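Open the model in your viewer and keep the sequence panel beside it. Each stop below names a selection, then says what is there.

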Amino acid sequence: ASLEAAGGAEAAPQAAAAKAPGTSSEMQSVMNLAKTIVGAGALALPSGASHVLASASAAGAAPANAAAFVAALFVGFGALNAIGFYLVGEACAGTRASTY
């Protein structure tokens, strides 16, 4: 009885009336892309870079070499993300899906 009084009985039909699968607004797509980038570790990369630079410094490596290695890692991770996004796009195009 308390759920009905709080509107709980009306909440279930509203949840069933959600958007059809495969449809999203431009803002939802942008937010999904942002979550994907953050989830891929974009926020963890600076911390990792500082650890690599500190380890290289402690081992006696030249800072320029360590920085070049970190830059190569960033480019490599970016390329892997680009390949992943490309493959998702190809899979959606091949199956004529509007979302994955």
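**Stop one: Arg 96.** Select Arg 96, in the segment after H5. This is a predicted model. Check the backbone here: Arg 96 has a positive phi of about 55 degrees, although the residue is not a glycine. This residue sits just after H5. Is Arg 96 buried or exposed? Colour by accessibility: the relative accessible area of Arg 96 is 79%, so the residue counts as exposed.

**Stop two: the whole chain.** Zoom out and show the cartoon. The protein chain holds five helices and zero strands. Read along the sequence, the pattern is α-α-α-α-α. How many of the residues count as buried? Of the 100 residues of the protein chain, 6% do.

**Stop three: helix H5.** Select residues 63-95, which make up helix H5.

Now pick out the buried residues of H5: Ala 66, Val 70 and Cys 92. What covers them? The cover includes helix H4 (45-59), the next selection.

**Stop four: helix H4.** Select residues 45-59, helix H4. H4 has 15 residues. From the first C-alpha to the last, H4 reaches 21 Å, close to the 21 Å expected at 1.5 Å a residue. Step on to Gly 60, which follows H4. The phi of Gly 60 is positive, near 90 degrees.

**Stop five: H4 against H5.** Show both helices and draw their axes. The axes are 9 Å apart, and the helices pack at an angle of about 150 degrees. How do H4 and H5 run relative to each other, and why? Angles over 145 degrees count as roughly antiparallel. H4 and H5 are therefore roughly antiparallel to each other. Their crossing is right-handed.

Next, show side chains at the contact:

- From H4, select Leu 45, Ala 49, Val 52, Leu 53 and Ala 56.
- From H5, select Pro 63, Ala 66, Ala 67, Phe 69, Val 70, Phe 74 and Phe 77.

Colour these by class. The contact of H4 with H5 has 12 nonpolar residues, with no polar and no charged ones.

Select Pro 63, which lies in helix H5. Is Pro 63 buried or exposed? Its relative accessibility is 67%, so Pro 63 counts as exposed. Pro 63 and Leu 53 are 10 residues apart in sequence and 7.0 Å apart in space, C-alpha to C-alpha.

Move to Ala 64, also found in helix H5. Ala 64 has 56% relative accessibility, so this residue counts as exposed.

How values were computed
Residues are numbered from 1 along each chain as its sequence is written. This is a predicted model: local features need pLDDT of at least 70, side-chain atom pairs count only at pLDDT 80 or more; totals for chains, interfaces and linings use all residues. Side-chain values use heavy atoms; hydrogens and water are left out. Helices (H or I, at least four residues) and strands (E, at least two) are DSSP runs, numbered from the N terminus. The expected span of a helix is 1.5 Å times one less than its number of residues. Buried means under 20% relative accessible area, exposed over 50%, partly exposed in between (1.4 Å probe, protein chains only). Contact means heavy atoms within 4.5 Å. Axes are lines fitted to C-alpha atoms, for helices over the stretch in contact, and angles run from 0 to 180 degrees between N-to-C directions. Angles under 35 degrees count as roughly parallel, over 145 as roughly antiparallel, 65 to 115 as roughly perpendicular and the rest as oblique. A crossing is left-handed if the near helix is turned anticlockwise from the far one by less than a right angle, and right-handed if clockwise. Ala, Val, Leu, Ile, Met, Phe, Trp, Tyr, Cys and Pro count as nonpolar, Asp, Glu, Lys and Arg as charged, and the others, Gly among them, as polar.
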